[in-house]
Amino acid sequence: MHRCYILLTIIFLSLKSQLAISQTIGFRHYNGDSTLVIRNHPGLELEKVLREHSISDTIPFAIEISYCTISQKQFLSDLTFKEKLQFDSVIFREELRMHDIVFTKGLDFRNSIVKEGFHLDDCRFKEDLQLWHSKLSKLSLWFSNFKTISLHENEIRKDFSIFNCSIPILMVMGSNFLKKTAFTDVRSDYMALRFNQFHDFDFTRNHFPYDSGRLEILGAKFNGKTYFSQNELPVEFEFSRVESLNEINLMNAVSDSVARPIYIDLIQTDISKVKLLYSEPYRITTLKRRAIPRDELNSVYTALAKKQREDGYLDSYIRLDKEYQDYYYRIMKGGFSGHFANFIQMIWWGYGHDKYLIVVWTISAILFFWLWTIVSLEILLKYGYNIAHLSKRLKKTNAKYQGWRHVLNRSWLSFWYVNLIFFGFHLDFSRLKFRYWHVTSFICLMHFFGLLCTAFLINFIILS
């Protein structure tokens, strides 16, 4: 008896499922919400069905369309969907175009095929547009406002274009674009293009907030030409793990109106294929991070520096090297010693690139010691380091001259005293007196600072 009951239950459920499958258009009601369900319809006339169920061009309930084939060209316009419109496993044999439509709860498009092109123009989305696991001949989004667009693992066989749209959040991931991809006049706060394959790629006149925003082009592979032009790029620009068969030209990627820094991340990108003038407003994001591994930091720096020199951008190379050394001393070494070394490297000779500063420091040091020596020459000769012939000349000067002639001769003697000690390679320390430590310290400081300046001057002359 129990086995008969189980058999009857199975037969009942099977009949019920068959009836459900045969019912291709009907409503499902749950918790007071109604959903129009369209399933397994081999020749669905989508536009006709939507018009039949609309009230004054408004459809107040959710719509789920699945496992259907739509053979004719579809043009949907002047409609308002109050609830979500969902396509799942639907085949469009002709073009699908949506014009001047309001999606209050968004559009969900999954596992579907559009053989001749999917176009959205002058539409307004108050919730998300989701396009997942679908194959499209062509996709275009024009003159529309969105909240969020999420495109995951799709294949676009022809062109994909977004033109003059507002998209606060745009995410395109794991998709394959076989022809041209174009982003033009797009206004966005956050745009993530992750692990996609592109053929020709055009990114022109796109706009991000002035003091925020983020653009991620991560793990992309470009198989054709790339074109970046006149974009108001965000503060954070991630361009990492990028591969390209051809050169990627970022020379004109930034609009002239952008005056604040743009922190660009080039980790694990083939920088040899990137044409970039490292000047304002770019900054290397890598150089601002503490947690970045040293080998990756050095890899980005070395590759970009090499590329700048190969392309003849010497000023950009110098700027990059200064940034790197600043990061190296302050962040990687750190502590008081790191910050102090960074300060000295910066002011002494501009991290090795502003060697004229050595001449400036040498002249300044001689001038400082000279002025100090003019007023204390007798003390230095008597209690510091005596030079016999200068002592005799000083006595004659004090006895013979007065007024401006005395000052002139005293200054001349002081000048020679400073230079003999400042550039004195063989200073006789046995003649150095230690009666007053401050006088001795002044003499030693003058001598060692002079040796330091001399060594750097010789290096400067040889390298020049």
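Buried here means under 20% relative accessible area, with exposed over 50% and partly exposed in between (1.4 Å probe, protein chains only). This is a predicted model, in which local features need pLDDT of at least 70, side-chain atom pairs count only at pLDDT 80 or more, and totals for chains, interfaces and linings use all residues. Residues are numbered from 1 along each chain as its sequence is written, and side-chain values use heavy atoms, with hydrogens and water left out.

Select residues 314–333, which form helix 4. Helices (H or I, at least four residues) and strands (E, at least two) are DSSP runs, numbered from the N terminus. Among the buried residues of helix 4 are Tyr317, Arg319, Leu320, Asp321 and Glu323. Its buried residues pack against strand 34 (282–284), helix 3 (294–310) and helix 5 (335–349); contact means heavy atoms within 4.5 Å. Just after helix 4, Gly334 has a positive phi of about 65°.

Next, show helix 5 with helix 6 (residues 356–383): their axes come within 6 Å and cross at roughly 90°. Axes are lines fitted to C-alpha atoms, for helices over the stretch in contact, and angles run from 0 to 180 degrees between N-to-C directions. Met346, Ile347, Trp348 and Trp349 of helix 5 make the contact with Leu357, Ile358 and Trp361 of helix 6.

Finally, select helix 7 (residues 388–400) and helix 8 (residues 403–422), which pack at about 170° with axes 10 Å apart. Leu390, Arg393, Leu394, Thr397 and Asn398 of helix 7 face partners in helix 8 that include His406, Asn409 and Arg410.

Notes. The expected span of a helix is 1.5 Å times one less than its number of residues.
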